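Please work through the exercises below with the sequence and the model at hand.

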Amino acid sequence: MADPIRRRTLGARLARAVLYTVLLLAALFYLLPLAVMLITSLKPLAEITPGTLLSLPREPTLAPWAKAWGEACTGMRCEGVGVYFFNSIAIVVPAVLVSTIVGALNGYALTKWRFKGSELLFALMLFGCFIPFQVVLLPMAQTLGWLGLSSSRAGLILVHVIFGIAFTTLFFRNFYVAVPTELVSAAKLDGAGFFRIFWRILLPVSAPIVVVTVIWQFTQIWNDFLFGVAFSAHDTQPVTVALNNLVNTSTGVREYNVDMAAAMIAALPTLIVYVLAGKYFVRGLTAGSVKG
Amino acid sequence: MAALEINNVCKDFGSEQVLKDVSLAIDSGEFLILVGPSGCGKSTLMNAIAGLEPVTSGEIRIAGEDVTWQTPAERDIAMVFQSYALYPSMTVRQNISFGLEMRKVPRAEREAAVERVADLLQISHLLERKPSQLSGGQRQRVAMGRALAREPKVYLFDEPLSNLDAKLRVDMRTEIKKLHQRLGTTIVYVTHDQIEAMTLADCIAVMRDGRILQLGSPDEVYNDPVDLFVAGFMGSPSMNFIAATLEGESDAYRLRVATPGEEALVLPWPRERETAAMAGRIGETVTLGLRPEHFAEDDARLGEFSEGVAFTPRISVVEPTGADILLQLKLGEGEATARVGPKCRVKAGERLTLRVDMGRAVLFDPTTEQRLA
Amino acid sequence: MSLTSPAAQPAAASGSRRSHAGLLQAWLPKLVLAPSVAISLLFVYGFMLWTFILSLTNSRMLPSYEFVGFGQYARLMANDRWWVASTNLVLFGGLFVAICLVLGLLLAILLDQRIRQEGALRTVYLYPMALSFIVTGVVWKWLLNPGLGVQAMVRGWGFENFRFDWITDPDMAVYTLVIAAVWQASGFVMALFLAGLRGIDDSIVKAAQLDGASLPRIYWRVVIPCLRPVVFSAVMILSHIAIKSFDLVVALTGGGPGYASDLPATFMYAHAFTRAQIGLGSASAMLMLGGVLAILIPYLYSELRNRRHG
């Protein structure tokens, strides 16, 4: 956007220097917490003293990580966050798969097989993206009880699927709206039916939106705390709930290094996804939030 | 038996009537073109024939069978889309054979069909490519190949050439015409391009506002339009419409065209083209329709004209097109376009003597826009 | 819905004339959508109604259906802690939205100046959005800890009187929420604005340059006005995040000191799940819904209107 012919005056150079300084300072602001978290998680407890926030560990150790993973106390139990990490995986994987598949079929039916009222149905479902979940917590708790799913992983999976469908449907609907409907018309004339058109024509071109949706759902469900804390028991907690319990467990000495290691463990899966597929992550954020 | 028959088809979108009592029939091997401005209902009619949109009322028959409530797959129809609608994830070969595969045609027959079609359209070297690796013209051929492979009862072409550049469009037009002549297929072809309509069709249906205004051969539609709209729509540059006063009496009607600042031009109406409708209009203003080629330079093509009336208008604009020259001239209240030979040396602002061929002129009622004579 | 629609009537009337395959194809899309629609009706709309009904009862530990009219709402209005939570939401939400917008726009504009390593910087600015609010809360709690965090560090540099103990100060605790939330979400706003900037037709800017406008003036007069729709959706998303903020408060301040940094979301959870005040909790949830709708409805209205005109 800057003019192609750049005058290399002193003022221009100075402006450029200021520009880079500001951008780097901002980068520092965003990076600092992560750096502190990582540094602290590698320090032995003895090195954590006032004023050493940014000092590198003199004797780096992975002991806090080991303790956070396998021994640290989360509430009454002391078995680390590892077991809850696997809880999260056991919840996230099926919930992401089911909600993505349902969303893809919904988006396909809503855009390529329009019928009278289908837009209204979409608007109806879309509302689920916007409600504050507090408004469904109490009835959901009771319903899970009736279904015999209270405090179970299955119950959490169900909750995440139910409230994820609105988003996945939105994603796929907005993607399929841009796929020419003539493709579907051509396939209909060629003799293909509803599911075959989806499988043979639409799905092969859906890779980008599948990636966006899976990443979005993965981050949302992995990072969820509200449903986790409301609908899980000790042995079915997701890792975010366990992390919060670990940090707030007030027995013995505050082991900040272990806290930070546990936070790193809880943050790593989504961070890795972000680093590997940042483009799709951003696309999901903007697509998911901007409009229907 | 008609290959395709449409009886009293209506289609509503909500309160809007998109097709209003449309009826037509074409024989096997005929090339029908639906032409009209955008929004006239031609694409809706096409989709109704294909079964992509249900009709509100009426009946559609293909080869005598009532298909009104059949799915697109059951109708045995193939369609070439404006956007080509090639399946992006499939190779050209897969695109062409997909329809056969869906109809459970054995693999060997599918292969044979692909080879036959690829030969016919000269796309054998493209069979393993994906649509994204093809040029516009190549995609067009593949789209036609996909339709041809199935050998359906009726082919539908939905503005198939409108995404091509001008030169390619002319080439493909010729090619479609050759294919039709060679294969004797029944084709319904939608276009808004009246040159395509004139060059390709056995039969043209001019549509407007959900109705078929005129159904006839290209010659009929061009030279014998039913109303002002059809007359104006077909032909490029379009027909000149000139306000004129009808004078005289039976056997000697005249049209008086008053041009401000000029002597009035009086054109005698050919006796053999008189109609009963003219009798009641003496002294009234009517709309005279003259195509640009109904004017000619006084000396050039004089011999062609049966009734030539000479006049000498002032020429305001000269537009050479290469093959001929278009002249803008003052006639009546507005301007008219005349087509003269490329050797004409007139300059803008000069006067030129032209002759008018009244043997092919047409008359319309200016309010109802219906044909008078 | 389709049975009563005029367009579907002829199809339904002549359904017997359709083949089985045709009927199945016509119904399959509806069958596929049916479970999701049912889920939405039941779990979103049904549950909203259910919560509303609960808010009209005197439910405490367990839901009871003894109606007390709008008594719970009256109790809520008289509840000091609710007022603290609501005031906090206005403070937190307002600052959070405003700072994110300013910071996001600034960073986006700066990044739009043909910066080397733009991709890397963008990645750095945006990564907090991938984290759980719980992780964010835990990290910032550590940074803001007066004894070991930033305050201690700056004091260690020799500024003995430096104070940054907001997290333990009832008057300031709510602002620590703002800091952490801005840290997490401002990069995302930057991404929204950057996408908006890249979407602006280059020739507009070129035309302004030929008209002799300076770069800051071009941004102020030409570019930023083009970003209005982005501002609109960013405000919408951010306020939505603010109203739903629950995990951040739990992890960062626990609503404390006391209940000084409570937000409606934590208020609701505390009353409905730990303090056995289901009726009161439901009433607060309904008010949160009201807050979301108050933002959402004007947004959707203008969106729909724009689309109709566009």
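Residues are numbered from 1 along each chain as its sequence is written, and chains are lettered from A and ligands numbered from 1 in the order in which they are written.

**Exercise 1. Find where in chain C confidence is lowest and where it is highest.**

Begin with the scale: pLDDT is the predictor's confidence in each residue, from 0 to 100. The mean for chain C is 84, and 93% of its residues reach 70 or more. Over residues 1–16 of chain C pLDDT stays under 50. Where pLDDT is low, the predicted coordinates should not be read in detail. For the complex, the predictor gives an ipTM of 0.87 and a pTM of 0.86.

**Exercise 2. Compare the radius of gyration of chain A with that of a compact globule.**

The radius is taken over C-alpha atoms, and the globule rule is 2.2 Å times the number of residues to the power 0.38. For 292 residues the rule gives a value near 19 Å, whereas chain A has 24 Å. Along the principal axes, the C-alpha atoms of chain A fill a box of roughly 75 × 70 × 30 Å. The secondary structure of chain A comes to 13 helices and 2 strands.

**Exercise 3. Decide whether helix α7 (residues 181–190) of chain A is mostly covered or mostly open, and name what its buried residues pack against.**

A residue is buried if 20 or more other C-beta atoms, placed from the backbone, lie within 10 Å of its own, exposed if 12 or fewer, and partly exposed in between. By this count 8 of the 10 residues of α7(A) are buried, and the helix is mostly covered; among them are A:Leu183, A:Lys188 and A:Asp190. The buried residues pack against α3 (82–112) and α8 (194–202) of chain A, together with α1 (42–50), α2, β6 and α3 of chain B. After α7(A) comes A:Gly191, with a positive phi near 105 degrees.

**Exercise 4. State how many residues each chain gives to the contact of chains A and B.**

Residues are in contact if their C-beta atoms, placed from the backbone, lie within 7 Å. Chain B gives 17 residues and chain A gives 13. On the side of chain B, the elements with two or more residues are α2 (72–75), β6 (77–80) and α3 (92–102).

**Exercise 5. Give the strand order of the open sheet of chain B and identify its edges.**

Strands pair if DSSP finds at least two bridges between them. The sheet has 6 strands in the order β6-β7-β8-β3-β9-β10, with mixed pairing. Because β6 and β10 (211–216) of chain B each have a single partner strand, one side of each is left without a neighbour in the sheet. Inside the order, β3 (residues 31–35) and β8 (residues 187–191) of chain B pair in the parallel sense over 5 bridges, with B:Thr191 as the bridge partner of B:Val35.

**Exercise 6. Determine whether C:Gln72 is buried or exposed.**

C:Gln72 lies in helix α3 (residues 71–78) of chain C. C:Gln72 is buried, because 26 other C-beta atoms lie within 10 Å.

Key: This is a predicted model: local features need pLDDT of at least 70, side-chain atom pairs count only at pLDDT 80 or more; totals for chains, interfaces and linings use all residues. Two residues are in contact if their C-beta atoms, placed from the backbone, lie within 7 Å. Helices (H or I, at least four residues) and strands (E, at least two) are DSSP runs, numbered from the N terminus.
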